[in-house]
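Dear colleague,

Please find below the structure that I am handing over to you. My notes on it follow directly after.

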Amino acid sequence: MIEIAWSNFTPWSALLGGILVGIAAASFLLLNGRIAGISGILGGLLAPAKGDIAWRLAFLLGLIGAPAVWVLATELPPIEIEAGYPALIIAGLLVGIGTRYGSGCTSGHGVCGLSRLSLRSLAATLSFMAAGFVTVYVIRHLLGV
Amino acid sequence: MKFSFASLFAGLVFGLGLIVSGMANPEKVLGFLDIAGAWDPSLAFVMGGAILVGVVAFAVARKRTLSFLGFEMKMPTSNHIDKRLILGGLMFGIGWGIAGFCPGPGLVALGAGEIKAAVFVAAMVAGMGIFEVIERSRAKA
(Lines give C-alpha, C1' and ligand atoms only; values in the text may rest on other atoms or scores of the structure.)
Protein backbone atom coordinates (compact mmCIF):
# COMPACT_ATOMS: atom_id res chain seq x y z
CA MET A 1 0.00 0.00 0.00
CA ILE A 2 1.00 3.60 -0.43
CA GLU A 3 2.87 4.97 2.53
CA ILE A 4 2.73 8.73 2.94
CA ALA A 5 5.88 10.63 3.90
CA TRP A 6 4.17 12.85 6.49
CA SER A 7 7.42 14.57 7.42
CA ASN A 8 7.95 15.78 3.81
CA PHE A 9 4.31 16.46 2.96
CA THR A 10 3.62 20.21 2.88
CA PRO A 11 -0.05 20.59 1.91
CA TRP A 12 -0.47 24.28 2.81
CA SER A 13 2.59 25.69 1.09
CA ALA A 14 1.85 23.40 -1.88
CA LEU A 15 -1.70 24.71 -2.10
CA LEU A 16 -0.58 28.33 -1.69
CA GLY A 17 2.15 27.93 -4.33
CA GLY A 18 -0.35 26.22 -6.60
CA ILE A 19 -2.77 29.12 -6.22
CA LEU A 20 0.05 31.53 -7.16
CA VAL A 21 0.82 29.41 -10.25
CA GLY A 22 -2.90 29.53 -11.06
CA ILE A 23 -2.95 33.33 -10.66
CA ALA A 24 0.06 33.57 -12.99
CA ALA A 25 -1.64 31.41 -15.64
CA ALA A 26 -4.93 33.28 -15.14
CA SER A 27 -3.35 36.72 -15.52
CA PHE A 28 -1.44 35.64 -18.62
CA LEU A 29 -4.67 34.30 -20.10
CA LEU A 30 -6.94 37.20 -19.17
CA LEU A 31 -4.43 40.00 -19.87
CA ASN A 32 -2.69 38.60 -22.95
CA GLY A 33 -5.14 36.00 -24.21
CA ARG A 34 -2.52 33.25 -24.22
CA ILE A 35 -1.85 29.90 -22.58
CA ALA A 36 1.02 30.00 -20.08
CA GLY A 37 2.85 26.95 -21.40
CA ILE A 38 6.49 27.22 -20.43
CA SER A 39 7.92 24.70 -22.92
CA GLY A 40 6.02 26.44 -25.74
CA ILE A 41 7.13 29.92 -24.63
CA LEU A 42 10.78 28.81 -24.49
CA GLY A 43 10.68 26.58 -27.58
CA GLY A 44 9.04 29.33 -29.65
CA LEU A 45 12.27 31.32 -29.32
CA LEU A 46 14.04 28.74 -31.47
CA ALA A 47 11.82 29.47 -34.46
CA PRO A 48 11.20 33.15 -33.81
CA ALA A 49 8.71 35.22 -35.77
CA LYS A 50 8.88 39.03 -35.90
CA GLY A 51 7.27 40.69 -32.86
CA ASP A 52 7.13 37.35 -31.12
CA ILE A 53 10.37 37.50 -29.17
CA ALA A 54 10.20 40.25 -26.53
CA TRP A 55 7.21 38.90 -24.60
CA ARG A 56 8.72 35.40 -24.51
CA LEU A 57 11.96 36.79 -23.09
CA ALA A 58 9.97 38.88 -20.60
CA PHE A 59 8.08 35.83 -19.33
CA LEU A 60 11.30 33.81 -18.99
CA LEU A 61 13.03 36.73 -17.29
CA GLY A 62 10.23 36.80 -14.72
CA LEU A 63 10.55 33.07 -14.13
CA ILE A 64 14.35 33.04 -13.90
CA GLY A 65 14.32 36.25 -11.85
CA ALA A 66 11.86 34.90 -9.28
CA PRO A 67 14.59 33.63 -6.89
CA ALA A 68 16.27 37.07 -6.96
CA VAL A 69 12.98 38.73 -6.00
CA TRP A 70 12.33 36.05 -3.37
CA VAL A 71 15.64 36.67 -1.56
CA LEU A 72 14.68 40.33 -1.08
CA ALA A 73 12.13 39.04 1.44
CA THR A 74 13.56 35.82 2.82
CA GLU A 75 15.99 32.96 2.33
CA LEU A 76 15.40 30.54 -0.55
CA PRO A 77 14.17 27.06 0.39
CA PRO A 78 16.66 24.26 -0.40
CA ILE A 79 17.07 23.02 -3.97
CA GLU A 80 18.41 19.45 -3.86
CA ILE A 81 19.58 18.06 -7.20
CA GLU A 82 20.67 14.46 -6.70
CA ALA A 83 21.05 13.58 -10.40
CA GLY A 84 24.59 13.57 -11.78
CA TYR A 85 25.66 15.47 -14.88
CA PRO A 86 25.16 12.66 -17.44
CA ALA A 87 21.66 12.02 -16.03
CA LEU A 88 20.86 15.75 -16.13
CA ILE A 89 21.91 15.95 -19.79
CA ILE A 90 19.84 12.91 -20.79
CA ALA A 91 16.88 14.23 -18.77
CA GLY A 92 17.17 17.69 -20.34
CA LEU A 93 17.27 16.29 -23.88
CA LEU A 94 14.24 14.08 -23.22
CA VAL A 95 12.30 16.94 -21.61
CA GLY A 96 13.21 19.32 -24.46
CA ILE A 97 12.30 16.98 -27.32
CA GLY A 98 9.33 15.40 -25.53
CA THR A 99 7.61 18.62 -24.50
CA ARG A 100 7.89 20.06 -28.02
CA TYR A 101 6.82 16.82 -29.69
CA GLY A 102 3.86 16.49 -27.32
CA SER A 103 3.05 20.24 -27.52
CA GLY A 104 3.32 20.98 -23.83
CA CYS A 105 4.54 20.28 -20.32
CA THR A 106 3.26 20.43 -16.76
CA SER A 107 2.17 24.06 -17.18
CA GLY A 108 0.54 24.02 -20.62
CA HIS A 109 -1.10 20.59 -20.49
CA GLY A 110 -1.13 20.01 -16.73
CA VAL A 111 -2.25 23.35 -15.31
CA CYS A 112 -3.83 25.18 -18.26
CA GLY A 113 -5.13 22.18 -20.21
CA LEU A 114 -6.80 20.56 -17.24
CA SER A 115 -8.24 23.96 -16.21
CA ARG A 116 -9.97 24.27 -19.55
CA LEU A 117 -11.14 20.65 -19.29
CA SER A 118 -9.29 19.57 -22.44
CA LEU A 119 -9.32 15.82 -23.05
CA ARG A 120 -6.22 16.19 -25.21
CA SER A 121 -4.32 17.76 -22.31
CA LEU A 122 -5.67 15.13 -19.93
CA ALA A 123 -4.26 12.43 -22.22
CA ALA A 124 -0.89 14.24 -22.33
CA THR A 125 -0.84 14.73 -18.55
CA LEU A 126 -1.65 11.07 -17.91
CA SER A 127 1.15 10.11 -20.32
CA PHE A 128 3.89 12.14 -18.66
CA MET A 129 2.67 11.36 -15.13
CA ALA A 130 2.63 7.62 -15.89
CA ALA A 131 6.08 7.78 -17.48
CA GLY A 132 7.36 9.76 -14.48
CA PHE A 133 6.02 7.23 -11.97
CA VAL A 134 7.43 4.27 -13.90
CA THR A 135 10.82 5.94 -14.41
CA VAL A 136 11.25 6.73 -10.72
CA TYR A 137 10.12 3.21 -9.83
CA VAL A 138 12.69 1.69 -12.17
CA ILE A 139 15.51 3.98 -11.02
CA ARG A 140 14.87 3.83 -7.27
CA HIS A 141 13.39 0.39 -6.74
CA LEU A 142 14.59 -1.84 -9.59
CA LEU A 143 18.03 -0.37 -10.23
CA GLY A 144 18.34 0.90 -6.67
CA VAL A 145 20.18 4.08 -7.65
CA MET B 1 4.97 46.80 -24.36
CA LYS B 2 1.85 46.10 -22.31
CA PHE B 3 1.97 42.54 -23.58
CA SER B 4 5.58 42.05 -22.49
CA PHE B 5 4.97 43.67 -19.12
CA ALA B 6 2.05 41.33 -18.42
CA SER B 7 4.28 38.44 -19.53
CA LEU B 8 7.02 39.50 -17.11
CA PHE B 9 4.47 39.70 -14.30
CA ALA B 10 3.01 36.28 -15.11
CA GLY B 11 6.47 34.70 -15.32
CA LEU B 12 7.50 36.20 -12.00
CA VAL B 13 4.36 35.12 -10.14
CA PHE B 14 4.66 31.68 -11.72
CA GLY B 15 8.24 31.39 -10.48
CA LEU B 16 7.36 32.59 -6.97
CA GLY B 17 4.55 30.04 -6.89
CA LEU B 18 6.98 27.26 -7.80
CA ILE B 19 9.34 28.36 -5.00
CA VAL B 20 6.58 28.61 -2.34
CA SER B 21 5.21 25.22 -3.32
CA GLY B 22 8.60 23.52 -3.08
CA MET B 23 8.42 22.47 -6.73
CA ALA B 24 11.67 24.24 -7.61
CA ASN B 25 13.31 21.44 -5.61
CA PRO B 26 13.67 18.26 -7.73
CA GLU B 27 13.86 16.04 -4.63
CA LYS B 28 10.37 17.17 -3.69
CA VAL B 29 9.04 16.42 -7.19
CA LEU B 30 10.70 12.98 -7.14
CA GLY B 31 9.10 12.40 -3.73
CA PHE B 32 5.75 12.72 -5.49
CA LEU B 33 6.73 10.49 -8.41
CA ASP B 34 8.03 7.79 -6.03
CA ILE B 35 4.74 6.09 -5.13
CA ALA B 36 6.49 2.91 -4.06
CA GLY B 37 8.69 4.74 -1.55
CA ALA B 38 7.66 7.22 1.14
CA TRP B 39 5.19 9.21 -0.93
CA ASP B 40 4.94 13.00 -0.75
CA PRO B 41 1.57 14.04 -2.24
CA SER B 42 2.47 17.78 -2.25
CA LEU B 43 2.66 18.07 -6.06
CA ALA B 44 -0.99 17.03 -6.34
CA PHE B 45 -1.91 19.94 -4.04
CA VAL B 46 0.08 22.34 -6.24
CA MET B 47 -1.79 21.13 -9.33
CA GLY B 48 -5.07 21.28 -7.40
CA GLY B 49 -4.52 24.87 -6.25
CA ALA B 50 -3.48 26.01 -9.71
CA ILE B 51 -6.41 24.30 -11.42
CA LEU B 52 -8.85 25.74 -8.87
CA VAL B 53 -7.88 29.25 -10.01
CA GLY B 54 -7.43 28.16 -13.64
CA VAL B 55 -10.94 26.76 -14.03
CA VAL B 56 -12.44 30.13 -13.06
CA ALA B 57 -10.06 32.02 -15.37
CA PHE B 58 -10.86 29.81 -18.37
CA ALA B 59 -14.59 30.10 -17.69
CA VAL B 60 -14.20 33.90 -17.88
CA ALA B 61 -11.89 33.68 -20.90
CA ARG B 62 -14.28 31.50 -22.86
CA LYS B 63 -16.86 34.30 -22.96
CA ARG B 64 -14.42 36.87 -24.36
CA THR B 65 -13.06 37.52 -27.84
CA LEU B 66 -10.48 40.05 -26.60
CA SER B 67 -8.33 39.95 -23.46
CA PHE B 68 -8.63 42.63 -20.76
CA LEU B 69 -5.69 44.43 -22.40
CA GLY B 70 -7.41 44.20 -25.80
CA PHE B 71 -5.40 41.35 -27.34
CA GLU B 72 -6.88 38.53 -29.35
CA MET B 73 -7.70 35.42 -27.27
CA LYS B 74 -5.51 32.65 -28.66
CA MET B 75 -6.96 29.44 -27.32
CA PRO B 76 -5.72 26.03 -28.45
CA THR B 77 -7.96 24.64 -31.17
CA SER B 78 -6.66 21.09 -31.44
CA ASN B 79 -8.44 18.39 -29.48
CA HIS B 80 -6.78 15.60 -31.36
CA ILE B 81 -5.24 12.81 -29.29
CA ASP B 82 -2.55 11.33 -31.52
CA LYS B 83 0.70 9.42 -31.42
CA ARG B 84 2.79 12.60 -31.23
CA LEU B 85 0.97 13.80 -28.13
CA ILE B 86 1.32 10.50 -26.27
CA LEU B 87 4.89 9.70 -27.35
CA GLY B 88 6.00 13.26 -26.59
CA GLY B 89 4.34 13.04 -23.18
CA LEU B 90 6.02 9.70 -22.43
CA MET B 91 9.43 11.04 -23.45
CA PHE B 92 8.97 14.13 -21.32
CA GLY B 93 7.81 11.98 -18.39
CA ILE B 94 10.92 9.79 -18.55
CA GLY B 95 13.16 12.85 -18.48
CA TRP B 96 11.09 14.32 -15.65
CA GLY B 97 11.49 11.11 -13.65
CA ILE B 98 15.25 10.97 -14.20
CA ALA B 99 16.09 14.43 -12.84
CA GLY B 100 12.90 15.67 -11.14
CA PHE B 101 12.91 18.78 -13.34
CA CYS B 102 10.21 19.93 -15.72
CA PRO B 103 10.78 23.15 -17.72
CA GLY B 104 9.46 25.74 -15.20
CA PRO B 105 11.29 24.51 -12.11
CA GLY B 106 14.46 23.97 -14.18
CA LEU B 107 14.43 27.66 -15.14
CA VAL B 108 13.68 28.80 -11.58
CA ALA B 109 16.52 26.66 -10.16
CA LEU B 110 18.79 28.12 -12.85
CA GLY B 111 17.80 31.58 -11.60
CA ALA B 112 18.73 30.48 -8.09
CA GLY B 113 22.26 29.95 -9.38
CA GLU B 114 22.31 26.15 -9.41
CA ILE B 115 24.97 24.95 -11.87
CA LYS B 116 23.27 21.57 -12.26
CA ALA B 117 20.04 23.32 -13.23
CA ALA B 118 21.97 25.32 -15.84
CA VAL B 119 23.23 22.04 -17.34
CA PHE B 120 19.70 20.64 -17.37
CA VAL B 121 18.32 23.79 -19.03
CA ALA B 122 21.11 23.82 -21.64
CA ALA B 123 20.34 20.18 -22.54
CA MET B 124 16.61 20.98 -22.62
CA VAL B 125 17.13 23.89 -25.02
CA ALA B 126 19.37 21.64 -27.14
CA GLY B 127 16.55 19.07 -27.19
CA MET B 128 14.11 21.73 -28.35
CA GLY B 129 16.62 22.69 -31.04
CA ILE B 130 16.88 19.06 -32.19
CA PHE B 131 13.09 18.99 -32.42
CA GLU B 132 13.11 22.16 -34.59
CA VAL B 133 15.74 20.71 -36.93
CA ILE B 134 13.78 17.45 -37.34
CA GLU B 135 10.52 19.31 -37.95
CA ARG B 136 12.10 21.57 -40.57
CA SER B 137 13.77 18.75 -42.46
CA ARG B 138 10.45 16.90 -42.41
CA ALA B 139 8.62 19.95 -43.75
CA LYS B 140 11.08 20.10 -46.65
CA ALA B 141 10.84 16.40 -47.48
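A helix here is a DSSP run of H or I covering at least four residues, and a strand is a run of E covering at least two. On that basis, residues 12-32 of chain A are 100% helix and 0% strand, with 30 Å between the end C-alpha atoms. Please note that the model is a predicted one.

Residues 85-102 of chain A are 94% helix and 0% strand, and their end C-alpha atoms lie 25 Å apart.

As a whole, chain A contains six helices and one strand, in the order β-α-α-α-α-α-α along the sequence. Its C-alpha atoms fill a box of roughly 50 × 40 × 35 Å along the principal axes. Of its 145 residues, 54% count as buried.

Two loop residues of chain A deserve a separate remark. A:S103, in the loop between α4 (85-101) and α5 (106-115), has a phi near 60°, a positive value in a residue other than glycine. A:L117, in the loop between α5 and α6, also is not a glycine and has a positive phi of about 55°.

Turning to the contact between the chains, helix α6 (residues 119-142) of chain A meets helix α4 (residues 83-99) of chain B: their axes come within 7 Å and cross at roughly 35°. The crossing is right-handed. Residues of α6(A) in this contact include A:R120, A:F128, A:M129 and A:I139, while those of α4(B) include B:L90, B:F92, B:G93 and B:W96. By type, the residues of the contact divide into 15 nonpolar, six polar and one charged.

Finally, the largest nonpolar core has 92 residues, of which A:A24, A:A25 and B:F120 touch the most other members. Helix α1 (residues 11-32) of chain A gives the most to this core, with 11 residues. Leaving aside residues up to four places away in sequence, B:F120 touches A:L88, A:A91 and A:G92 in chain A, and B:A99, B:F101 and B:G106 in chain B.

With kind regards

Terms used. Residues are numbered from 1 along each chain as its sequence is written. Chains are lettered from A and ligands numbered from 1 in the order in which they are written. This is a predicted model: local features need pLDDT of at least 70, side-chain atom pairs count only at pLDDT 80 or more; totals for chains, interfaces and linings use all residues. Axes are lines fitted to C-alpha atoms, for helices over the stretch in contact, and angles run from 0 to 180 degrees between N-to-C directions. A crossing is left-handed if the near helix is turned anticlockwise from the far one by less than a right angle, and right-handed if clockwise. Two residues are in contact if their C-beta atoms, placed from the backbone, lie within 7 Å. Ala, Val, Leu, Ile, Met, Phe, Trp, Tyr, Cys and Pro count as nonpolar, Asp, Glu, Lys and Arg as charged, and the others, Gly among them, as polar. A nonpolar core is a set of buried Ala, Val, Leu, Ile, Met, Phe, Trp, Tyr and Cys residues joined through C-beta atoms within 7 Å. A residue is buried if 20 or more other C-beta atoms lie within 10 Å of its own, exposed if 12 or fewer, and partly exposed in between; C-beta atoms are placed from the backbone.
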